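Here is a chain to go through by question and answer. Keep the sequence and the model in view.

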Amino acid sequence: MADDLGFFSKDSFVLKFPKKSPLVLRMVVLLFVMVCGLYICSICLKQISTSSTNEFLNIGVIQKPCPEPNIEPWEIPYVHYPNPKTFSRAECACNPVWYFAIMSMQRSGSGWFETLLNNHTNISSNGEIFSVKVRRSNVSTIFETLDKVYNLDWLSSASKNECTAAVGLKWMLNQGLMQHHKEIVEYFNTRGVSAIFLFRRNLLRRLISILANSYDRDAKLLNGTHKSHVHSPHEAEILASYKPVISATLLIPNIRQVEETTEKALEYFKNTRHIILYYEDVVKNRTKLDEVQEFLKVPKRELRSRQVKIHKGSLSNHIQNWNDVEKALNRTQYESYLYGDYRR
């Protein structure tokens, strides 16, 4: 048995291969590695190509341009598609938006006019934004504020958000508008912003409103609160009870100064797309509001406001020194201010 076991010596388990050249073996191994590497690379490239294609397709869908609206060639610079940072326009993303600014002077009916515009379901006018001094401290802050408004990221009670078709603000001439007019005109023309000028024809009535409003800031006639605009005849009657004294010697210089400021504003922005309105004309003829809606390219609607006029009727009832004022304006180019009236 031992002999049998000895028969299987350790030499019998050694496999003897025929001798080959080391160079041939190396070439075989190298070829095998190259084939495997090419196979692996081809698989990786296919996966990267598929992923990239999907990514580009996704980007293409997101950035797909909106179809060209059916507009006149001259309107193209004024049609915009804002992409707000604060919300998504969703199904209204391809609805064009027009930019505007209501340019006016204090107590010229701009507050009432703006409530009419905001009564439209597709118009957002965000109020007297530049009454806050820091927002008009320099051109950069003005532009930053305007960018936010026109990108629909200025959120206020007037915001219509995704389905806004016209967006803007109310801007008084003494709130940095005249001081930086060159830069603002360039901004308007570059960004396609339209201007709506709103002034008063009867500057004597405007002066009465300014003096009465200034008085109420301190007196606070309505239960200890100051209101620049009211929504009931009773409130209007209380505010109209104050009769200011108007300086007869400074009256005509004051009127001329307002006229000069108005003329300068119109001259500065004459090359900007604009419309000129007067408060009295809008009050008398509501078709003026149709012109404004056409100007802003929004569907025509019946526009209403809850604001109530404060100083109604004859001006002699609203000026304490009426005789002095009448004497100052008689036989001047401003004599019509004494007797002109309108209904609302």
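Q: What share of the contacts with a separation of 6 or more comes from residues 24 or more positions apart?
A: A contact means heavy atoms within 4.5 Å. The model is predicted: local features need pLDDT of at least 70, side-chain atom pairs count only at pLDDT 80 or more, and totals for chains, interfaces and linings use all residues. Residues are numbered from 1 along each chain as its sequence is written, and side-chain values use heavy atoms, with hydrogens and water left out. For residues 24 or more positions apart, the share is 75%.

Q: How many helices and strands are in the chain?
A: Both are DSSP runs, numbered from the N terminus: helices are H or I with at least four residues, strands are E with at least two. The chain has 12 helices and 5 strands.

Q: What percentage of the 344 residues counts as buried?
A: Buried means under 20% relative accessible area, exposed over 50%, and partly exposed in between (1.4 Å probe, protein chains only). Of the 344 residues, the buried part is 39%.

Q: Which pattern do the disulfides of the chain follow?
A: A disulfide is a pair of cysteine sulfur atoms within 2.5 Å. There are 2 in the structure. One joins Cys66 to Cys94, S to S 2.2 Å; Cys92 and Cys163 form another, also listed with sulfur atoms 2.2 Å apart. Counting bonded cysteines along the chain, the pattern is 1-3, 2-4.

Q: Why is the disulfide of Cys66 and Cys94 left-handed?
A: Cys66 is partly exposed at 22% relative accessibility, and Cys94 is partly exposed at 36%. The disulfide is left-handed because the torsion about its S-S bond is about -80°.

Q: How many residues apart in sequence are the parts that Cys92 and Cys163 tie together?
A: Their link is right-handed, with 40° about the S-S bond. Cys92 lies in the loop between H2 and S1, and Cys163 lies in the loop between helix H4 (139-150) and strand S3 (166-172), so the pair ties together parts of the chain at a separation of 71 residues.

Q: What is the angle between the planes of Phe197 and Phe199?
A: Rings of Phe, Tyr and Trp (its six-membered ring) pair if their centres lie within 6.5 Å; planes under 30 degrees apart count as stacked, over 60 as edge-to-face and the rest as tilted. The structure holds 14 aromatic pairs. Phe197 and Phe199 form a stacked pair, 5.9 Å centre to centre, and the angle is 25°.

Q: Which ring does the charged end of Arg201 sit over?
A: A charge sits over a ring if NZ of Lys or CZ of Arg is within 6 Å of the ring centre and within 35 degrees of the ring normal. For Arg201 the distance to the centre is 4.0 Å, and the ring is that of Tyr278.

Q: Which residues are linked with Glu75 in a network of salt bridges?
A: A salt bridge is a side-chain nitrogen of Lys or Arg within 4 Å of a carboxyl oxygen of Asp or Glu. By this rule the count is 8. Lys297 meets Glu75 at 3.2 Å, N to O. The network links Glu75 with Glu294 and Lys297.
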